[in-house]
Amino acid sequence: MTTINEEIAKRKTFAIISHPDAGKTTLTEKLLLFGGQIQTAGAVKSNKIVKSTTSDFMEIERQRGISVATSVMSFEYHDLKINILDTPGHKDFAEDTYRTLTAVDSVILVIDSVKGVEAQTERLMEVCRMRRTPVIVFINKLDREGQEPFDLLDEIEAKLAIRVTPLSWPISRGRTFKGVYNRFEGTLALFRPNSERMEKELTVIDHLDSPLLDEHLGDLATKLREDIALIDGVYDRFDTAAYLNGDIAPVFFGSAVNNFGVRELLDVFCGIAPGPRPRMTDKRQILPDETAFSGFVFKIHANLDPKHRNRMVFVRVCSGVFERSKYYHHVRLDKQMRFAAPVSFVGQKKETIDTAYPGDVVGLFDVGLFKIGDTLTDGEVCNFQGIPAFSPEIFRLIANRSFEKVKQLEKGLAQLTDEGIAQLFVQDQGRRKIVGTVGQLQFEVLQYRLEHEYGARCDLTPLSFTKACWLTAKDPKKIAEFCKFRSDAVATDKDGNIVFFSASDHMLRHHIAENPDIEFHTTSEFKRAAG
Ligand code: G4P
């Protein structure tokens with residue numbers, strides 16, 4: 001029997017994030033290969049949602065199906081239990097990714113060496129920064145003619161606003177790519193394209209002046225020595241505490257498809273990445289090793305069969321031991337609930353489990369009682385913070401297409417927005433309904449599911465807003481005054497909070513400057529903090 005502390009010490013729960021196509025799926029697959037969860041490369045089904053913007057709904061549905069299976073993948077490596085929380089690659093589902101980031105303890109960020117830092121990466125990194133999530137960077141596709149590594153590091157520091165320190169360094173790139181020097185261990189890994197490479201194939205060199213280096217690298221040895229001297233002079237030494245605090249990101253170079261640099265990355269990850277961390281609630285901080293169970297819902301997945309509305313909710317265990325069939329407290333509903341068939345995710349398979357520990361993700365079958373952000377406890381009344389809604393960027397006004405289906409539309413909208421497909425806002429005492437998303441595809445999924453699961457058809461009319469801000473003020477009269485003349489741009493969210501829609505960043509800056517007594521929040525995080 002292991003103790004709860006031993007179980008906690010074994011767990012590392014993280015997400016791999018990247019701009020689509022940088023190599024997230026490939027890297028995930030190689031990590032599973034090391035964990036023995038898959039035998040061959042190519043076995044992981046990407047949970048990417050259609051690359052093109054063409055809307056083949058059946059394809060979206062099919063892929064949503066795949067993404068249930070691949071939402072969480074667990075494997076054992078060197079006595080550790082590693083949980084990878086997968087995130088959808090498609091930018092239109094970025095909100096899903098933001099929410100998943102609330103459930104991890106650290107992140108590996110994959111960057112394509114040819115493309116450098118891309119738009120999606122910047123936004124994902126913002127979320128990590130907000131939460132001070134420790135980040136390791138993996139610069140991928142060194143076998144291609146990518147950008148100069150020093151330029152890439154500069155770009156990462158500038159665009160992602162994080163200090164970096166390279167722990168490995170590439171020797172040339174593209175056709176002349178020779179391998180990677182590991183600054184951490186003083187070893188040299190020579191590159192040979194091979195997607196099944198499982199073993200460390202390292203040349204240990206005691207010193208950079210070693211003649212072995214010239215033997216293996218020829219003229220490139222001098223360049224490597226110069227590069228490393230420059231790195232030692234320019235970049236901070238790696239400091240685990242600074243990494244854990246989200247202040248500095250160690251950087252690795254490699255080629256995921258060739259399984260090159262992956263084991264090195266995994267080994268360092270296992271050594272430095274944080275285990276389950278304490279989490280704040282609106283009442284107090286909860287430590288993972290407390291005996292009482294607690295956890296929160298960060299993802300809800302609808303059943304693919306429209307005849308059965310049950311869904312799967314994904315709960316991140318934060319403290320204590322989760323046990324099958326034990327009664328737990330659903331804090332928002334003030335309701336005792338038990339779960340007879342909780343599942344965990346091993347490799348790519350689901351399995352019914354009896355217990356789960358902090359850091360683990362448990363899948364629970366639900367008939368519509370959960371919302372994203374809900375807290376489950378052993379009885380304590382508290383709500384986990386840090387599961388915010390983020391400002392949508394595209395807004396549509398909803399118009400019901402058939403009067404007799406008004407109830408179905410209401411129900412469908414309520415349930416699907418609880419699931420996090422889109423955010424719902426209302427104006428005019430609920431008579432005007434507006435949905436907001438970060439991607440066009442989310443609207444298409446919403447319309448499709450409203451029709452197929454609830455029999456409700458609606459039209460969506462574009463609105464010219466680009467941002468929603470939650471408003472607070474010490475003096476509520478200030479908000480009332482502000483809202484008075486802007487009724488078309490003010491609404492309430494599902495929890496009754498006041499939200500202001502802005503047509504541009506420029507306009508928003510103007511309103512912020514003009515209204516110093518009002519706070520404009522671009523995430524709903526303040527709610528729980530205040531509540
Ligand atoms: P994603 O999940 O981040 O969207 O990316 P994914 O792993 O699917 O990789 C995107 C493409 O980049 C894939 O090619 C993949 O094979 C390729 N790739 C990944 N790592 C490397 C690397 O180290 N070097 C090179 N040259 N390519 C890499 P694809 O053509 O889109 O798909 P596939 O047919 O190869 O699977």
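Let's start with strands β1 (residues 11–18) and β3 (residues 80–85): they run parallel and are joined by 5 bridges. Within that pair, Thr13 sits opposite Asn83 of β3. Strands here are DSSP E runs of at least two residues and helices are H or I runs of at least four, numbered from the N terminus.

A word on the source: this is a predicted model, where local features need pLDDT of at least 70 and side-chain atom pairs pLDDT 80 or more, while totals for chains, interfaces and linings use all residues. Residues are numbered from 1 along each chain as its sequence is written, and side-chain values use heavy atoms, with hydrogens and water left out.

Now the whole sheet. It is open, with 7 strands in the order β2-β3-β1-β4-β5-β11-β6 and mixed pairing, where pairing takes at least two DSSP bridges between two strands. At the edges are β2 (72–77) and β6 (163–166), each pairing on one side only.

On to the ligand. It has 18 residues around it, and the closest are Asp21, Lys24, Thr25, Thr26 and Ser255; a residue counts if one of its heavy atoms lies within 4 Å. Which helix gives the largest share of that shell? Helix α2 (residues 24–34) does, with 3 residues.

Next, the polar contacts, meaning pairs of N or O atoms within 3.5 Å; within protein, one must be able to donate a hydrogen and the other to accept it, and sequence neighbours count only through side-chain atoms on both sides. A ligand nitrogen is 2.8 Å from a side-chain N or O atom of Asp143. Lys24 uses a backbone N or O atom, 2.8 Å from a ligand oxygen. For Ser18, a side-chain N or O atom lies 3.3 Å from an oxygen of the ligand.
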